[in-house]
Amino acid sequence: MGASNGGRWRAGSRGGAKRAPGSLLTRPWEPLWHFFHLLRPARWSAYVRDHWIGKPLVTAVPMLWLVLFFMVPFIIVFGISFSQSVLAIPPYEELLAWTDDKVLQLRLHLSNYNYLFTDSLYASSYLYSVKVAAVSTFFCLLLGYPMAYGIARATTTRRNIFLMLIILPFWTSFLLRVYAWIGLLKSNGVINNVLMSLGIIHEPITMMQTDFAVYIGIVYSYLPFMILPLYSNLEKHDRTLLEAAADLGSKPWKAFVRITLPLSMPGIVAGSLLVFIPAVGEYVIPSLLGRTDQLMIGRVLSDEFFENRDWPVASAVAIAMLVLLVVPIMIFQRYQNRELAHK
Amino acid sequence: MAETRTKTPEPWLDPHAQAYIRVENVTKRFGNFVAVNNVSLKIYKGEIFCLLGGSGCGKTTLLRMLAGFEQPSAGAVYIDGQDMAGIPPYERPVNMMFQSYALFPHMTVAGNVAFGLEQEKIRREEINRRVAEILDIVKLGEYAKRKPHQLSGGQRQRVALARALVKRPKLLLLDEPLGALDRKLREHTQFELLGIQEKLGVTFVVVTHDQEEAMTLSSRVGVMNRGEIVQVGTPRQIYEFPASRFVADFIGSVNLFEGQLTEDEQDHVRVKCDELNVPVYVDHGMSAPPLALCWVAVRPEKIELGRERPAATDNWAHGVIHDIAYMGDMTVFVVKLDSGRQVRVMQANRTRKPEEQFAWDEAVYLSWDASSPVVGIG
């Protein structure tokens, strides 16, 4: 509608019968009329187009969100990481302080970061977290790829059932699902009891408080995050490409390696990062299922906050973790851009 | 184009010739649906054989069975004397050009073309040489490093062709090869295809719904309808001597009249049509029971338009011009006969004389030669 008249608002040009221009006295409703017309979405789009505020307006919403809920907290945490722990509420020193000579002083303590390097607990926790996340991501990919592939190739009705089943566990509490694994894995748990009653083993296998239990917990919990992006990629593949490969003399396995696998690379990268990034910082699963002698960085972080009440060190740990994760995020971005460039 | 090709021998007329492809009583069912119904075909080396038919007639299914993507539910396919049952696509001496081209989007043009050769044990230098050679033939040498999405539709089509041809297949299957191209490009590519086919001596089996494409490309055409081959012949045979009412109606435009055989002699037939003023006389005999109901087909371009009443007692009709479509080289008239039946007449615009032009609502006589009509039973 807005397009047909050039997008300009012209009084009296719309709204049924033509109305003669009148004064406020004779037609007191006239300004109201204008007002309601301006509220019509068609008017908005015309206005937005004419005044070219559309793009900034649209991008302003996510921008505002990110600034409010990401940038501001990040800056606060970043600030605290340069502070010093004190016995107070909040338990850290303000960075800016007035001295007695009315000088505004900015005090930045780099000791927190220094501390991360001196105490081997942090380095080993970081490395352990990265290792656990990497191994879990690998097994998620190993399990998730065939599943995503199978779902993408299933008939439409089956496909919807499978997707439903994959999303279904999200409807129960995450904590509950991890607890359920304790019941399965513990020494007198379901798995050990079954294996013992079948006579396959004679003593219970220790699975709780091991890396194995953490891998199981993470792979189980994060598998949907691997499957869904992979599925959405594989589902878009043109099957005639595989027919073309077969026609050109390529056996199915080779066609998979040369066609399907490279074309699904963006899905692999997206799924792997969606698993890897949260797995690095995972707190609940290692706390419930994992080792007690080797902590993951998420646990270290929470201990610093809640046990030690050392907010500055905890903030430094968080910032270091973020820096550590920026690298995979950048890889992800690069792949996303490349995929967009293909379209 | 088909005319210039008659210099090549016509193996289908030789009873001793060995067919390169034999399709024997092939049926393909998808559930309850019969896509291809008991089709038998012989295609000879060096032919360009077109499978022509409307959508859903089974032509693509038949092609996919030649490529090995579908297995026949019954019957057998032989290529070069070898039974193809159970042989997967990647082991058949056949290559296909897909309707969508199916180019690998993550590979360059050269990568796409090289793909087929990389599946064989060929040295890299040899692969590079053959890729360069075939890209030269399809005139894409300078585009070797581009990705498919950086090419135009016509260029993509040529990459697909090069990719299929570089394997030097004995048989190339083409699924609607010119479908996605605009008219100018189609004509150009058509001739390019013919040139390449002659140069490399490959047998082509082309699937198309476009009769013009089938006519210009093919040595022979197999017309398909509802999963069956209804007629096989050269383009000229199919057009001038359609074997059935379906073929007459499907190929080109035609005026079909219902009638009854009144005379059926050795050298002529006479048909009485209610919609025409006088009987139709055809100068060749046919064998049918007397007074059989039949159909008569007359092509629009074989009808003469005139203002004088013809002296003959057969083969004319009287009507009024109802519509005129001027197309430059020719004009199509829709003439409303006295019976109310509308008939298409096509006249070449041979002169620019105004007195030879017809106007709307003008009364005209339609006449045609006794050799023109096609008569069929049923």
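Let's start with two helices: H2(B) passes H4(B) in a right-handed crossing. Right-handed here means the near helix is turned clockwise from the far one by less than a right angle. Helices are DSSP runs of H or I, at least four residues, and strands are runs of E, at least two, numbered from the N terminus.

A word on the source. This is a predicted model: local features need pLDDT of at least 70, side-chain atom pairs count only at pLDDT 80 or more, and totals for chains, interfaces and linings use all residues. Residues are numbered from 1 along each chain as its sequence is written, and chains are lettered from A, ligands numbered from 1, in the order in which they are written.

Back to the pair. H2 (residues 109-118) and H4 (residues 153-165) of chain B pack at about 25°, axes 7 Å apart. Axes are lines fitted to C-alpha atoms, for helices over the stretch in contact; angles run from 0 to 180 degrees between N-to-C directions. H2(B) and H4(B) are therefore roughly parallel, the term for angles under 35 degrees.

Who makes the contact? From H2(B), B:Val109, B:Asn112, B:Val113, B:Phe115 and B:Gly116; from H4(B), B:Val159, B:Ala162 and B:Arg163. Contact means C-beta atoms, placed from the backbone, within 7 Å.

Now the sheet. Five strands of chain B form an open, antiparallel sheet, ordered S13-S12-S11-S14-S20. Pairing takes at least two DSSP bridges. S13 (280-282) and S20 (374-377) of chain B are the edges, each with a single partner strand, so one side of each lacks a neighbour in the sheet. Neighbouring strands are turned by 40° on average, direction ignored.

Last, one pairing. Six bridges join S11 (residues 255-264) to S14 (residues 293-298) of chain B, running antiparallel. B:Phe257 has B:Val296 as its bridge partner in S14(B).

Definitions and conventions: Parallel < 35°, antiparallel > 145°, perpendicular 65-115°, else oblique. Contact = placed C-beta atoms within 7 Å.
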